[in-house]
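Got your viewer open and a selection tool ready? Here is a short walk through the model, stop by stop, with something to select at each one.

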Amino acid sequence: MSDFQDGIPCLWMRGGTSKGGIFLASDLPSDPARRDALLMRIMGTPSATQIDGMGGADPLTSKAAILAPSTRPDADVDYLFLQVFVDQAIVSDAQACGNILACVGPAAIERGLVAAQDGETPVRIHMLNTGEVSVARVQTPGGRVSYDGDARIDGVPGQHAPVPLMFTGLAGSMCGAMLPTGRAVDLIEGTRVTLIDFGMPCVIVRATDLGVAGAEDRATLDGNAALRARVEAIRLQAGPLMGLGDVSGKSVPKMVLVSPPQAGGVVTTRCFIPHRCHASIGVFAATTVAAACTLAEGPAAELAVLPDDTRFAIEHPGGAAEVLLDRAPDGTITGAGTLRTARKLMDGRVFPAPA
């Protein structure tokens, strides 16, 4: 196993609006440093093009999931998400990923970690990055995973089998509390922000407060050097305030610019992950934005058009992500869910670049 000249078993999958490699922990080095170095060799990191690896030169296509039998009785599978940076030699476990999470249920069945039922199979997933358990419902007609269906999600062409995902205990997933400072509004760099963690540590800020409209395409925002510098300056100060410490080498918190909805949703977003604008928005960032929209005094709520039911359409560059929020009569959020799709792209062996 020292040089992996025979390759490594790997499922390459799309989950939601992301894609990456799905591995069994038993097929990778147990030492995190060796494992991360191997994943960078697989992805072709560090390189802006990732030309000598499987990564697609975008944070959304340079991801990995590590699966193992669950270490807790209320879950079926353990899931560790790793973000492999593109042009920096960094592999981060500082966040979860709800898009790649959509792959975990199908992959756990494909790899024999969970036995398929006839019709639909619930898979309880222990998310190691945050400690929560989510439940994915996987379509398994005849006891076999099916990726065919009529579900659509914005940012992904075509129709696929639905993968509903339900979460509990998202509040303070990494920061210990939904509002780690105890306030709905903080002032950083003279800008009003909400520091919030409802599945993903995020800094919510009005786009106009940073000098942009918030409806620009991602290339325009990525090309705005002054904006990116200001976004990063705020992010670096937000990290310690959120209990995340020095975040200069971390992928959290996410920076989310909000503006009024453009297409009948609740709010428009432009999410930075952390230095490039997301082509859509991550699942947990979307749940966090939805939660922020319910905070009456926060910048998101000032712009949001709240729904009459539990469905929050969070607009992004590729369309909208639907978040389901369960709320108690006093307005307290008790749970959240979303609908994703996933597809198996390749099942085989991947060959890392020479060390």
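Start by selecting Gly112, which sits just after α2 and takes a positive phi of about 80°. Before you move on, know that this is a predicted model, where local features need pLDDT of at least 70, side-chain atom pairs count only at pLDDT 80 or more, and totals for chains, interfaces and linings use all residues. Residues are numbered from 1 along each chain as its sequence is written, and side-chain values use heavy atoms, with hydrogens and water left out.

**Stop 1: helix α2**

Now step back and select residues 98-110, which make up α2. Helices here are DSSP runs of H or I with at least four residues, strands are runs of E with at least two, and both are numbered from the N terminus. The 13 residues of α2 reach 19 Å from the first C-alpha to the last, close to the 18 Å expected at 1.5 Å a residue. That expected span is 1.5 Å times one less than the number of residues.

Where does α2 kink? Click on Val104: a kink of about 30° lies there, shortly before the proline Pro106. The bend at a residue is the angle between axes fitted to the seven residues ending there and the seven starting there.

Colour α2 by accessibility and you'll find it mostly covered, with 12 of its 13 residues buried. Buried means under 20% relative accessible area, exposed over 50%, and partly exposed in between, with a 1.4 Å probe and protein chains only. Among the buried residues are Ile100, Leu101, Cys103 and Val104.

**Stop 2: the cavities**

Rolling a probe the size of a water molecule over the atoms shows where empty space is left. On a 1 Å grid over the protein atoms alone, a cavity is a set of points where a 1.4 Å probe fits but cannot get out, while a pocket is an open set with protein on both sides within 12 Å along at least five of seven lines; lining residues have an atom within 4 Å of a point. Grid points are joined across faces, edges and corners, and a volume is the space filled by probe spheres set on the points.

The structure holds three cavities of 30 Å³ or more. The largest cavity has about 160 Å³ of space. To find it, select Lys63, Gln95, Lys254, Ile273 and His278, the closest to its centre of the 20 residues that line it. Both α2 and α5 give two or more residues to this lining, and α5 gives the most, with three. By class, the lining has 10 nonpolar, eight polar and two charged residues. For those classes, Ala, Val, Leu, Ile, Met, Phe, Trp, Tyr, Cys and Pro count as nonpolar, Asp, Glu, Lys and Arg as charged, and the others, Gly among them, as polar.

While α5 (residues 283-293) is on screen, pick out Ala290. Is Ala290 buried or exposed? Ala290 counts as buried because its relative accessibility is 0%.

The second largest cavity has a volume of about 50 Å³. Its lining includes Pro106, Tyr147 and Ala342. The class count there is eight nonpolar, two polar and no charged residues.

**Stop 3: strands**

Select β6 (residues 119-127) together with β4 (residues 77-84): they pair in the parallel sense over three bridges. Two strands pair if DSSP finds at least two bridges between them. Look for Val77, whose bridge partner in β6 is Ile125. Ile125 also has a partner in β7, namely Ser134. Eight bridges join β6 to β7, which run antiparallel. In the hairpin of β6 and β7, with five residues between the strands, Gly131 takes a positive phi near 90°.

For another hairpin, go to β14 and β15, with two residues between them. Six bridges join these antiparallel strands, and His316 has Gly319 in β15 as its bridge partner.

**Stop 4**

Finish at the open spaces. The largest pocket has a volume of about 250 Å³. Of its 14 lining residues, the closest to its centre are Pro59, Val86, Asp87, Gln88 and Arg276. Last, the second largest pocket holds about 210 Å³ of space, and selecting Arg14, Gly16, Thr17, Gly155 and Val156 shows you the closest to its centre of its 16 lining residues.
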